[in-house]
Amino acid sequence: MCIRDRVSTQSTWGKEKMSLSKGKGFEDKTLLYLGLATYATLGLYIAYDIWDKYRRRKAKKDQPESRPRLQSENEPAEQPELGEVRRKTMPALQLRHSSTGSEFPIFKICITGGPCAGKTSALSFLNEKLSERGFKVFTVPETPTLTMQGGGMIIMGNLTQDKIIRFQTLLIKTQMNMEDYFVDLAILNGQPAVVLCDRGVMDPSAYMTPEQFQALLDEQGWNKVSLRDRRYDLVIHMVTAADGAEEYYTLANNQARYENDLSVAIETDRKTQNAWVGHPHLMIIDNTTEKGFDKKLSRVLESIGKALGLPTASKFFRKFLIQIDAGEFKLPSDIRFERFQVEEMFLKKERTGATSSIRKRGQNGNYTYSQTTRLPPNEKGERVEIKRQLSAREYLTLYNQRDESLMILHKERITFLVASQPYILDIFLNGSDRLAILRVETDKSDTNLKLPPFLNINREVTHDDAFSSYAIAQRGATEKKQ
């Protein structure tokens with residue numbers, strides 16, 4: 001089996017394999033090429049959207065309504081439509097996606113990864129499977145690909161530092177405009193939608209020095225929280241075939257790929273992973289947990305299903321009690337990590353037994369807001385957890401609906417990567433005991449999940465309700481009264 005992908009854009013984000021004449025006025029030429037390529041692509045997408053709607057109406061008219069849905073190999077015989085799941089489980093306010101103002105839920109998901117990871121094949125697979133489940137699917141094309149097709153490739157190694165920053169700024173701005181355009185199309189479409197982004201705006205940081213990327217942020221008035229955390233509901237990183245599926249790594253199906261050495265491809269992959277450390281929902285799909293590209297695609301689909309609110313097995317979520325010393329917790333110097341301040345509180349319980357919490361998460365004075373609703377497990381023991389981003393105004397409105405009998409939780413949250421596995425360490429700052437809980441979102445089995453060796457693991461508390469945030473908020477409120 002060979003992973004067949006379109007022309008990789010690693011070389012466009014990167015340094016070596018880029019070729020456009022440098023010199024005076026190159027920025028204007030690049031802008032022109034980007035503009036022409038963007039408008040041409042948008043025209044094609046609009047034409048395709050019109051044709052697709054016509055085709056669907058005709059198919060619906062010509063075929064009986066009872067025709068069966070297509071199913072994946074391991075999919076249960078019946079799956080509820082995602083839109084219907086949300087209508088039945090969430091109040092009307094939660095059907096709205098705060099960042100868009102749409103009446104229907106619109107989810108924005110970034111699919112990124114290393115060279116020869118199967119990213120483009122995954123986008124095609126997801127388009128088909130999510131459409132079967134009742135979503136209108138939009139795919140945002142990759143800006144570096146448009147740049148290449150428009151003739152706007154450059155030799156990064158020949159550019160000054162100022163021009164490197166300028167070029168990467170152009171890429172990020174164009175990517176943002178493309179994403180916003182397709183989100184607006186999704187709003188106009190008037191039905192539940194998923195916007196799949198072919199790469200995301202943090203990817204260029206993997207091909208710049210930290211100082212260069214910080215200069216870019218400062219010049220544009222941007223920050224990591226707004227670029228990394230607010231723009232995407234989920235980030236999926238597909239690991240390069242060079243790491244764990246070496247026999248399938250090839251340059252033959254990609255004339256632009258330059259990582260002809262496996263170690264270079266793995267290094268590129270690691271840099272891209274690190275670019276997304278800190279995103280609240282980062283999933284890394286490797287090649288070793290389950291062998292075979294079909295299984296890799298299924299794991300991508302399962303991860304997205306969880307983010308969209310489908311019932312999922314508890315294997316996606318595990319918790320461990322950690323023992324830490326007093327004072328600031330420090331990680332080894334070679335571990336990439338991000339620190340956040342988190343404020344979490346619970347709303348008054350619903351009659352259905354669902355618990356809902358709102359969260360304010362900040363870094364360097366910049367904040368994101370979110371709501372998580374957890375439904376009781378179904379008859380199969382599967383958990384349904386529905387998350388959505390909030391605006392600051394919505395957060396304040398829900399703040400007034402909080403359950404005042406429970407303590408507001410204040411945490412220091414540290415997110416980090418070890419061996420391509422994201423971890424979240426929550427250190428509770430209020431309450432009598434200094435709790436530290438390691439949270440892992442994973443699809444790895446007990447034997448495959450290897451916990452960081454530098455942590456002092458006390459025990460696993462995944463199924464111990466005493467260590468749920470709700471129980472901790474209850475205990476804190478009781479202690480406060482005493």
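I started with two helices: the axes of α4 (residues 119-132) and α10 (residues 293-308) come within 10 Å and cross at roughly 55 degrees. Axes are lines fitted to C-alpha atoms, for helices over the stretch in contact, and angles run from 0 to 180 degrees between N-to-C directions. Helices (H or I, at least four residues) and strands (E, at least two) are DSSP runs, numbered from the N terminus.

This is a predicted model, where local features need pLDDT of at least 70, side-chain atom pairs count only at pLDDT 80 or more, and totals for chains, interfaces and linings use all residues. Residues are numbered from 1 along each chain as its sequence is written, and side-chain values use heavy atoms, without hydrogens and water.

I then listed the residues that meet (contact means heavy atoms within 4.5 Å). On the α4 side I found S121, A122, F125, L126, K129 and L130; on the α10 side, F293, L297, V300, L301, I304 and L308.

Next I checked α6 (residues 161-189). Its 29 residues should span 42 Å at 1.5 Å a residue, and the end C-alpha atoms are 42 Å apart, which agrees. The expected span is 1.5 Å times one less than the number of residues. After α6 comes G190, with a positive phi near 75 degrees.

Last, I looked up the sheet. It is open, has 5 strands in the order β2-β3-β1-β4-β5, and its pairing is parallel. Two strands pair if DSSP finds at least two bridges between them. I noted β2 (136-140) and β5 (282-285) as the edge strands, each pairing on one side only.
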